[in-house]
Amino acid sequence: MKSILYSRWDATQQAFSLDAKEALGALSELLLEGLSAREALEWMRRFGFELAGLDLRVMGVEELQEELQREARELHERYRMDRATDEPRRRFDEILDREQAALRERHGFESSRMNDFLSRRHAESQSLSDAIERFAEHRFEDEQAGDDYRELREELDRLRALERFLAREGSRFRGSQPADYETAQRIRERLEAIEQLGRELAEGNFESISPEQLRELLSEQAARSILILRDLEPTLRRAGYLRDRGEGDELTPRAIRRIGARALAEVYGALQKDRPGGHEIDARGAARIRPDETRPFEFGDPLDLDIPRTLLNALRRRSLAPDPAGEARLRVEDFERFELDFETHATTVLLLDMSWSMSWAGRFPAAKRVALALDHLIRTRFPRDRFFVVGFSTRARNVAIPDLPELSWDPSDPFTNLQEGLMLAERLIAKHPSASPQVLVITDGQPTAYFDRGRLRVEWPMGFGGVSPHAVAETMKQVRRITRRGVTINTFMLDDAPELVGFVEHMTQVNRGRAFYASPSQLGSFLMVDYLEGRRKRRA
């Protein structure tokens, strides 16, 4: 019968080693908020993060320092230090009493030896250690007193350290429990270690912190958190998710693919939770298996498995890490699937509103998550489709997919130039024509910026709840132009303001596309279902 022995975690076991995928998952949540990779890492270190793989809240530096300060405060409130040096002082006085008695007996009270001794003993001293040091050159008459003095003198370094500590910290101890000499020394060492650990945390010197320190000073959660913070960036680099560039760190293509897969899994998970069984999400155009090319299975792929390669993967893994039962059990990471050739393709341009209002209520993170999920879906399931992202605020610009994870909304840019976004979309579709071009618009506001005869203009809405008439008119001209090219525009509104709803209704009447109002939590489900359903209908 198998038995399992549990022991207290001591900060040295490998059971809590940081998983790179979980670390990237935590990092990606901050990237979706608009932070860069470097900013996200610094945020995680400072404020902590959730680590789903270990069901653990990783404490950040601020929380860790609060725990250290709480530990120091408890010691200050528990002990008093007015008797901390009583024990070495008593030992010293006893030594001197014995020596004085020996000198009086052998040399008399008026002897030069006695006078020298008494001048040393009664000289004014700033500290006990100074008084002890004053007898360093004294030749003891009492042999046992001399031995005891030399033993006491070996303690001088610790005593001086305690005296300096008490001069600096003594007034902060206001407890009721008197600390004897050894207790005071232990408190000193602990508080100095706490202070040193706090400095190391503040400076980010995680490598210099030893597991032994962690066991002694912190709770289990805090100690584990420090080890995870220490390993965070090296783990991401070793896994090939993070690399250096001239002006800082950047995500690798492998990390971007992983973030996209995670976003897609989250969107699908929300879709299935909200509408169980309500959507045909595996529908597609005709496809042919390519027996000459395979790749590892990823979430969302059909199970077109290459069985021989899959079994070989399992056997290869077993040879590196033998199964105790002697079996070669299949795991998901063993799956190898055939690549597919699709007979049709579509061009999709996602227009992503980046004006400052998108920072409200989780709108921008939700929109980025959808963009990453849609990119991953198209690359893995519809590889012949074309997918582009265009961001727009006062100006519109193409967004390269590798830049998408670290993309941020424009904090000082309140205007919305959907007209220029549609212009860029039209150029992309003209450059990459297909039978099924479409534009997906994610926005939370009506147009307020536009180009008029080549000049950029901005226009605040006319009063509360009003519209920007010139911006709307120029944008609708572009809507009609792109509609004549056969491009469908589907709009996902993250706000239900009447002026936005009115504009979108006008746009859909002209273009014959669809319009949806969705909260940030619903956006992924709405957009993904619309994309897949539209694709199925176009290919039917």
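Me: What is a salt bridge, and how many are there by this rule?
Reply: A salt bridge is a side-chain nitrogen of Lys or Arg within 4 Å of a carboxyl oxygen of Asp or Glu. By this rule the predicted model has 47 salt bridges.

Me: Which residue does R160 meet in a salt bridge?
Reply: The partner of R160 is D157, with 3.9 Å from N to O. R160 and D157 are three residues apart in helix α8 (residues 156–169), so about one helical turn separates them. On the scale used here, buried means under 20% relative accessible area and exposed means over 50%, with partly exposed in between. R160, at 25%, is therefore partly exposed, while D157 is exposed at 59%.

Me: Where in the chain do R158 and E182 lie?
Reply: The side chains of R158 and E182 form a salt bridge at 3.4 Å, N to O. R158 lies in helix α8 and E182 in helix α9 (residues 181–203), so this pair ties together parts that are 24 residues apart in sequence. R158 is partly exposed, with a relative accessibility of 27%. E182 is also partly exposed, at 37%.

Me: Is D306 buried or exposed?
Reply: D306 is buried, because its relative accessible area is 9%. The side chain of D306 meets that of R309 in a salt bridge of 3.4 Å, N to O. R309 has a relative accessibility of 44% and so counts as partly exposed. Elsewhere, salt bridges with shared partners join R38, R45, E233, R237, D244 and D249 into one network.

Me: Which residues form the positive surface patch?
Reply: The residues of a patch have over 30% relative accessible area and no salt bridge. In this model, K21, R254, R257 and R258 form a positive surface patch. Helix α12 (residues 253–274) supplies the largest share of the patch, three residues. R258 is placed in helix α12, and at 35% relative accessibility R258 is partly exposed.

Me: Which residues make the nonpolar surface patch?
Reply: I307, L311 and L330 make a nonpolar surface patch of about 280 Å². L330 sits in the loop between α13 (307–320) and β8 (336–342). With 46% relative accessibility, L330 counts as partly exposed.

Me: Which residues is S225 in contact with, leaving aside its neighbours within four places in sequence?
Reply: Contact means heavy atoms within 4.5 Å. With those neighbours set aside, S225 is in contact with R57, V58, M59 and L64. S225 belongs to helix α11 (residues 220–238) and is buried, because its relative accessible area is 0%. Although S225 and R57 are 168 residues apart along the chain, their C-alpha atoms are separated by 8.0 Å.

Me: What is the phi of A361, and where does A361 lie?
Reply: The phi of A361 is positive, about 55°, although A361 is not a glycine. A361 lies in the loop between β9 (347–353) and α14 (363–381). Its relative accessible area is 65%, so A361 is exposed.

Me: What is the phi of R512, and in which loop is its place?
Reply: R512 has a phi near 70°, a positive value in a residue other than glycine. The loop that holds R512 runs between α17 (498–511) and β16 (515–517). R512 counts as exposed because its relative accessibility is 70%.

Terms used. Residues numbered from 1 in each chain as written. Predicted model: local features only at pLDDT ≥ 70, side-chain atom pairs only at ≥ 80, totals over all residues. Heavy atoms only, no water. Patch = residues over 30% accessible without salt bridge, like charges linked within 9 Å, V, L, I, M, F, W, Y side chains within 5 Å. Areas by Shrake-Rupley, 256 points an atom, 1.4 Å probe, with all protein chains shown as cover. Lys, Arg positive; Asp, Glu negative; His and termini not counted. Charge placed at Lys NZ, Arg CZ, Asp CG, Glu CD. Helix = DSSP H or I, 4+ residues; strand = E, 2+ residues; numbered from the N terminus. Buried < 20%, exposed > 50% of the residue type's maximum accessible area, 1.4 Å probe, protein only.
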